[in-house]
Amino acid sequence: MPKTLSIKENRLFRAAYARGRSAARKTMAVYVLKDRCKTVNRLGITVSVKLGGAVQRNRIRRRLKETYRLCETRLSGGHDIVIVGRHAALTAPFETLQADFASIARELRLEEQA
């Protein structure tokens with residue numbers, strides 16, 4: 001079974017926005033909602049049309065997805081995670097994206113307790 005599934009339904013995104021905890025940095029905002037499933041995280045990535053054309057938006061999505069993938073093994077399961085890309089994510093160094101996501105994960109207590 002995969003460690004992370006995709007969020008594709010609008011109602012799941014809206015639930016995370018409305019009832020979830022959130023944290024933001026210059027490159028991204030993250031919304032987290034505890035899910036009934038205890039083992040698997042569900043991930044949704046969204047980027048506004050305001051940030052540019054399809055090429056720029058898809059680049060931001062790919063960078064955010066890779067950032068999540070690299071941190072995935074350190075995260076506890078059972079959450080719906082929605083990452084909202086911001087304009088700075090397009091030009092920021094990849095290390096900045098990783099540092100931002102890691103600090104947000106600590107702030108929202110997503111990391112597994114060792």
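Predicted model: local features only at pLDDT ≥ 70, side-chain atom pairs only at ≥ 80, totals over all residues.
A residue is described as exposed when its relative accessible area is over 50%, and as buried when that area is under 20%. The face of helix 1 that is turned away from its buried side carries the exposed residues Arg11, Arg14 and Ala18. Buried in helix 1 (residues 10-19) are Leu12, Phe13, Ala15 and Ala16; seen down the helix axis, these buried residues fall within an arc of 160°, so they line one face of the helix. The packing partners of the buried residues of helix 1 are strand 3, strand 4 and strand 5.

In overall architecture, the protein comprises four helices and five strands, and from the N terminus on its elements follow the order β-α-β-β-β-α-β-α-α. For 114 residues, a compact globule would have a radius of gyration near 13 Å, and the 13 Å of the protein agrees with that expectation. Taken along the principal axes, the box filled by the C-alpha atoms is roughly 35 × 30 × 25 Å. Of the 114 residues, 46% are buried, while the protein exposes about 6,700 Å², of which carbon and sulfur atoms supply 52%. Among contacts between residues at least 6 apart in sequence, 82% join residues that are at least 24 apart.

Helix 2 (residues 54-71) has 18 residues, and the distance from its first C-alpha to its last is 26 Å, close to the 26 Å expected at 1.5 Å a residue. The buried residues in helix 2 are Arg57, Ile60, Arg63, Leu64, Thr67, Tyr68 and Cys71; they cover an arc of only 135° around the axis, which puts them on the same side of the helix. On the other side of helix 2, Val55, Arg62 and Lys65 are exposed. The buried residues of helix 2 pack against elements from several parts of the chain, namely strand 1 (4-6), strand 3 (28-34), strand 4 (41-47), strand 5 (79-85), helix 3 (88-91) and helix 4 (94-107).

Helix 4 has 14 residues and reaches 20 Å between its first and last C-alpha atoms, close to the 20 Å expected at 1.5 Å a residue. Leu97, Asp100, Phe101, Ala102, Ser103, Ile104 and Ala105 are buried in helix 4, and the cover over these buried residues includes strand 2 (21-24), strand 3, helix 2, strand 5 and helix 3. Just after helix 4, Arg109 takes a positive phi of about 55°, although Arg109 is not a glycine. With a relative accessibility of 57%, Arg109 counts as exposed.

The side chains of Asp80 and Arg42 are joined by a polar contact of 2.7 Å. When residues up to four places away in sequence are not counted, Asp80 touches Ile7, Leu12, Tyr31, Val32, Leu33, Asp35 and Arg42; one of these residues, Leu12, is also among the buried residues of helix 1.

Technical notes
Residues numbered from 1 in each chain as written. Heavy atoms only, no water. Helix = DSSP H or I, 4+ residues; strand = E, 2+ residues; numbered from the N terminus. Expected span 1.5 Å × (residues − 1). Buried < 20%, exposed > 50% of the residue type's maximum accessible area, 1.4 Å probe, protein only. Arc of directions from axis to C-beta. Contact = heavy atoms within 4.5 Å. Rg over C-alpha atoms; globule rule 2.2 N^0.38 Å. Areas by Shrake-Rupley, 256 points an atom, 1.4 Å probe, with all protein chains shown as cover. Polar contact = N/O pair within 3.5 Å; in protein donor to acceptor, adjacent residues only side chain to side chain.
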